[in-house]
Amino acid sequence: MTGARPRRQPRPERHALPGEPVIPPAPSTIDLHTHTSRSDGLLRPSQLVADAAAAGIRLLAITDHDTLAGVRDVLDAGNVPPGLELIPGIELNAITADRPDLRESEVHVLGLGVDADDDELEAALALQRRRRRHRFERMVQRLRDIARPIDDALEALPATGDDDALGRPRVARAMIAKGYVASVEEAFSVYLSRGRPAYVPREGLGPVEAIRAIRAAGGLASLAHFSEAPQRLDVIHELRDAGLGGLEVYYRTFDAATVEAVGRVAAEASLVATGGSDYHGDLEVYAATHAALWVPPTVEAPLRAALAAARSATTG
Ligand SMILES: [Zn+2]
Ligand SMILES: [Zn+2]
């Protein structure tokens with residue numbers, strides 16, 4: 001008998017619906033985007049790595065804004081937990097003045113695997129931090145001007161030094177302490193976002209300069225939480241041509257459809273997929289954030305290859 005078997009129809013690929021949450025199929029072992037008290041996070045660096053290790057993370061990047069102090073704190077104290085690999089990282093909020101249509105006219109660039117002892121990078125970060133402090137003081141002044149002083153509440157927060165990167169969440173926390181707002185989100189939406197009364201524009205590096213600074217220090221530059229990527233291929237292509245090597249595909253608050261769409265952009269643009277929680281600590285403990293984080297293990301091998309290539313591009 002030669003009766004042909006009915007040919008099996010290829011099953012259509014199931015696509016996520018908008019708003020559908022990402023359900024982690026297993027606990028993530030990778031988190032490449034976290035903040036400590038050295039920038040605008042709440043946990044001390046050694047506490048963050050301990051909590052991440054306890055939650056099952058094996059590959060962790062601390063990516064504080066404009067400072068490597070948190071990475072150095074952990075390394076200098078010998079506090080890398082057994083079984084956890086710490087990647088030195090930074091996050092640069094880069095100004096896109098030529099693209100005012102982007103959210104707050106900025107994009108965020110992660111620098112993964114940068115050399116924490118690179119003098120040129122440190123000089124660039126120190127300048128960024130001075131600009132942050134200046135902006136911070138102007139925001140505090142604006143709040144005084146509108147009868148929302150936070151000076152005493154700021155004094156009650158942990159002190160900061162030149163190594164620390166000040167940000168709006170610190171302003172927001174002081175506003176909560178004063179009873180002006182109930183949450184960091186409310187502080188941003190009512191007072192601190194662009195167009196709101198205490199907003200002060202950022203000064204600092206543009207994205208191309210940020211990517212160059214990261215690469216010169218042996219790091220891999222990855223564009224963070226850019227959910228607009230599928231609609232903004234112009235930005236993706238321009239930054240890739242400037243040396244961008246990665247795209248943050250697995251971002252904790254992306255819905256499943258966004259992860260798919262941003263993942264397609266990364267694949268088509270030959271950018272390595274990175275992923276992380278962007279944990280700051282305001283809303284919940286690390287374990288709770290981790291429970292909703294999905295960074296698949298398949299991220300690791302291409303990431304390691306890209307990190308090695310980025311390193312050898314400066315040392316070779
Ligand atoms: Zn960011
Ligand atoms: Zn971040």
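Q: Which residues is Leu247 in contact with, leaving aside its neighbours within four places in sequence?
A: Leu247 is in contact with Ser222, Leu223, Ala229, Val262, Val265, Ala266, Leu271 and Ala273. Contact here means that the two C-beta atoms, placed from the backbone, lie within 7 Å.

Q: What should I know about the model itself?
A: It's a predicted model: local features need pLDDT of at least 70, side-chain atom pairs count only at pLDDT 80 or more, and totals for chains, interfaces and linings use all residues. Residues are numbered from 1 along each chain as its sequence is written, while chains are lettered from A and ligands numbered from 1 in the order in which they are written.

Q: What makes a set of residues a nonpolar core?
A: Its members are buried Ala, Val, Leu, Ile, Met, Phe, Trp, Tyr and Cys residues joined through C-beta atoms within 7 Å. The largest one here has 65 residues, and Val109 and Leu247 touch the most other members. Strand 3 gives the most to this core, namely five residues. There's also a second, separate core of 14 residues, with Met175, Ala187, Tyr191 and Ala198 among them.

Q: Why is Asp64 called buried?
A: Buried takes 20 or more other C-beta atoms within 10 Å of the residue's own (12 or fewer is exposed, in between is partly exposed). Asp64 has 26, so it counts as buried. Beyond residues up to four places away in sequence, Asp64 touches His35, Thr36, Arg38, Ser39, Gly70, Ile90, Glu91 and Ala165.

Q: Where is Asp64 found?
A: In strand 2, residues 59-65. Strands are DSSP runs of E, at least two residues, and helices are runs of H or I, at least four, numbered from the N terminus.

Q: How do you know that strand 2 and strand 3 pair?
A: Pairing needs at least two DSSP bridges, and these strands have seven, in the parallel sense. Thr63, for instance, stands opposite Gly89 in strand 3.

Q: What is the strand order in the open sheet?
A: Its seven strands run 1-2-3-4-5-6-7, with mixed pairing. Strand 1 (30-31) and strand 7 (272-276) each have a single partner strand, so one side of each lacks a neighbour in the sheet.

Q: At what angle do helix 1 and helix 2 pack?
A: Helix 1 (residues 45-55) and helix 2 (residues 69-76) cross at about 75°, their axes 8 Å apart. That makes the pair roughly perpendicular, a label for 65 to 115 degrees (under 35 is roughly parallel, over 145 roughly antiparallel, the rest oblique). Pro45, Ser46 and Val49 of helix 1 meet Gly70, Asp73 and Val74 of helix 2.

How values were computed:
Axes are lines fitted to C-alpha atoms, for helices over the stretch in contact, and angles run from 0 to 180 degrees between N-to-C directions.
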